[in-house]
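Subject: Structure for you to look at, with notes

Dear colleague,

I am handing over the structure we spoke about, together with its sequence.

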Amino acid sequence: MDRVTKLVSERPVVIFSRSTCCMCHTIKTLFCDFGVNPAVHELDEIQRGRDIEQALSRFGCNPSVPAVFIGGELVGGTNEVMSLHLNRSLIPMLKKAGALWV
């Protein structure tokens with residue numbers, strides 16, 4: 001859990017993903033289309049990715065990917081991010097975290 005906490009504190013938006021997951025791809029594309037440059041950690045491509053995935057489960061991520069953190073706080077997965085986007089809360093959240101300037 002310490003490693004996850006350290007990683008999410010390094011950037012305004014952090015996404016834990018799997019390179020083969022279509023929902024992860026959708027979330028990464030959404031943020032990039034907004035002009036956000038998230039830190040993306042592909043758990044199937046990094047050393048100790050399994051450990052990070054288990055830590056994300058302990059954080060309450062179910063499924064464990066995609067797991068999106070904004071401003072160091074867990075937002076959730078695809079459903080939570082899309083709900084925030086649809087109710088027009090995601091952009092203000094990104095601005096507040098310093099991930100968007102306009």
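The notes below take the helix contacts first, then a lysine, and then some backbone features.

Please keep in mind throughout that this is a predicted model.

Helix α2 against helix α4

Helix α2, which covers residues 22-34, and helix α4, which covers residues 78-86, have axes that come within 10 Å of each other and cross at roughly 30°. Angles under 35 degrees count as roughly parallel, and α2 and α4 are therefore described as roughly parallel to each other. The crossing of these two helices is left-handed. On the α2 side the residues that meet α4 are M23, I27, L30, F31 and F34, and their partners in α4 are T78, V81, M82 and H85. Sorted by class, this contact of α2 with α4 holds seven nonpolar and two polar residues, with no charged residues.

The two sides of α4

Within α4, the residues T78, V81 and L84 are buried.

Helix α2 against helix α5

Helix α2 also packs with α5, and here the axes come within 12 Å and cross at roughly 70°. That angle makes α2 roughly perpendicular to α5, and the crossing of α2 with α5 is right-handed. From α2 the contact draws on L30, F31 and F34, while from α5 it draws on L90, I91 and L94. The residues of this contact are six nonpolar ones, with no polar and no charged residues.

A lysine in α2

K28 is placed in helix α2. Is K28 buried or exposed? With a relative accessible area of 15%, K28 is buried, because buried means under 20% relative accessible area. Apart from its neighbours within four places in sequence, K28 is in contact with I15, S17, R18, V40 and E42.

Backbone features

As background to this part, most residues other than glycine have a negative phi, and most peptide bonds are trans.

The bond from N62 to P63 is cis, with omega near 0°, and P63 lies in the loop between α3 (49-59) and β3. The bond that joins V65 and P66 is also a cis peptide bond, with omega about -5°, and P66 is likewise found in the loop between α3 and β3.

As for phi, R48 is not a glycine and yet has a positive value of about 65°; R48 lies in the loop between β2 (39-42) and α3. R88, again a residue other than glycine, has a positive phi near 65°. R88 follows α4 and lies in the loop between α4 and α5. At 73% relative accessibility, R88 counts as exposed.

Terms used
Residues numbered from 1 in each chain as written. Predicted model: local features only at pLDDT ≥ 70, side-chain atom pairs only at ≥ 80, totals over all residues. Heavy atoms only, no water. Axes fitted to C-alpha atoms, helices over the stretch in contact; angles between N-to-C directions. Helix = DSSP H or I, 4+ residues; strand = E, 2+ residues; numbered from the N terminus. Parallel < 35°, antiparallel > 145°, perpendicular 65-115°, else oblique. Left-handed = near helix turned anticlockwise from the far one by under 90°. Contact = heavy atoms within 4.5 Å. Nonpolar A, V, L, I, M, F, W, Y, C, P; charged D, E, K, R; others polar. Buried < 20%, exposed > 50% of the residue type's maximum accessible area, 1.4 Å probe, protein only.
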